[in-house]
Protein chains: 2
Amino acid sequence: MKIHTILSPQLFPLFASDVVGKQVLVIDILRATTSMVVMLENGATSVRPVAGVDEAMALKQGQAGLLIAGERNGYKVEGFDFGNSPQEFTKERVEGESLVITTTNGTQAISLSLAASHIWVGGFLNMTALVEAICGVGDEVFLFCAGWKGHVNMEDTLFAGAVAQALVNKGWVIGDDASRAAMALWGQAQGDLHGFLAEASHVQRFQSMHAESDLDVCLQMNTSSKAVLYENGVLVAIPS
Amino acid sequence: MKIHTILSPQLFPLFASDVVGKQVLVIDILRATTSMVVMLENGATSVRPVAGVDEAMALKQGQAGLLIAGERNGYKVEGFDFGNSPQEFTKERVEGESLVITTTNGTQAISLSLAASHIWVGGFLNMTALVEAICGVGDEVFLFCAGWKGHVNMEDTLFAGAVAQALVNKGWVIGDDASRAAMALWGQAQGDLHGFLAEASHVQRFQSMHAESDLDVCLQMNTSSKAVLYENGVLVAIPS
């Protein structure tokens, strides 16, 4: 029961053969994996993450009523039904709907992880459910931070640290210095997550986009009790 | 006067165009960049870092009296005069000598940085001299952690954090989350560096190699007052 942390997709090649048949948790706190959990929490029938904008557009043309969501460089894609703010995916707008989502970093990290036995998805909002689901499988886990365009970022690293700490509390073992660093940072940040993150690059990007309220939503703990699993091309909530 | 941190060579491609004409500090605490400083401190006439074992061997065959040092996977290379332990490079053995050194991670990081205006080299043992030299140039700096086979490691990250903190104290500005994370980790570790590092992967590797005393040498602060610069293929101590 070992924990590894992949601090950005740029580091993924070092782990590509290790993740085969193991568990991966894809982390894109601001905002892809947070939004994915919100969609399912609010009753979306189907959520399909895809890597490309063109792929999302093509799926929409082929299926009446399909809603497409996503951003590039943090902004909603032209012609899409939604951007990537978790606050857009209200019960009113997504219940009973089929959605497709594509984002700069999060959906790409899922694509890289396809050889894993389990691809978990989520964030602070479903952390306890994720930790329990990962423990249920019991096998080695790779905490995969989506980062920002290949760069390591603070919020994904902190969440990896939070999950690592929760697993260590349940008897799991730290497998690398990246996990150790993430956990130490989480130990420092957890008392005042907003304060600790105030200077982070992505948070500053958010402030310049006037999306501060998204930040609050993305940092709330355990507002959802569903773990989310990527299976056969779609996201599945457990329990459904 | 901005600070960036490259947490491993695997992340270098993201920074390759940014470092052109800027300052890079190459960090391989255990043990390449520490050993390089010790060689110059103890009077080596010339120290040439090279990327390959074959290149080092060829240089030795071409120049009588040249001494070659280096490791692969942490162990001394067969046929070399020295391994990579800073304790081998005593005044008695290196004063007035010309040396070549090749290591798993450190010399590769130097090779990647050739487009920089200044390639600084060092560790805890010459930290203050490095910080002053970097401030003397005054331009943007990239703290480049050599890591371990592409992976992020704790000791290089902590030293990057220590340098970042020293520069911030002199009015420099943090440029990315990697620097922010490194600095936060350093803040946590600096009171008990040995204790904080006790669990780190590389330190465990050292213990299994019975090289714990190297660790003490590599974590000592400011035993050298020389900054080290890579220039025209060789390392130069400043002041010489």
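Author: I3(B) stands opposite V141(B) in strand β8(B). This is a predicted model, in which local features need pLDDT of at least 70 and side-chain atom pairs count only at pLDDT 80 or more, while totals for chains, interfaces and linings use all residues. Residues are numbered from 1 along each chain as its sequence is written, and chains are lettered from A and ligands numbered from 1 in the order in which they are written.

Strand β8 of chain B covers residues 141-145, runs parallel to β1(B), and is joined to β1(B) by four bridges. Strands pair if DSSP finds at least two bridges between them; strands (E, at least two residues) and helices (H or I, at least four) are DSSP runs, numbered from the N terminus. A parallel pairing over two bridges also links β1(B) to strand β9 of chain B, residues 173-174. There, I174(B) is the bridge partner of I3(B). In strand β1 of chain B, residues 2-6, four of the five residues are buried, so the strand is largely enclosed by the rest of the structure. Buried means that 20 or more other C-beta atoms, placed from the backbone, lie within 10 Å of the residue's own.

Elsewhere in chain B, the axes of helix α9 (residues 201-208) and helix α10 (residues 212-219) come within 8 Å and cross at roughly 135 degrees. Axes are lines fitted to C-alpha atoms, for helices over the stretch in contact, with angles from 0 to 180 degrees between N-to-C directions. V203(B), F206(B) and Q207(B) of α9(B) meet E212(B), D214(B) and L215(B) of α10(B).

As for the chains, 22 residues of chain A are in contact with 21 residues of chain B, contact meaning C-beta atoms, placed from the backbone, within 7 Å. On the side of chain A that touches chain B, α6 (154-169) and α7 (177-189) of chain A are the elements that give two or more residues. The largest share, seven residues, comes from α7(A).

The same surface serves both copies, as 95% of the contact residues of chain A recur in chain B.

How values were computed: Two residues are in contact if their C-beta atoms, placed from the backbone, lie within 7 Å. A residue is buried if 20 or more other C-beta atoms lie within 10 Å of its own, exposed if 12 or fewer, and partly exposed in between; C-beta atoms are placed from the backbone.
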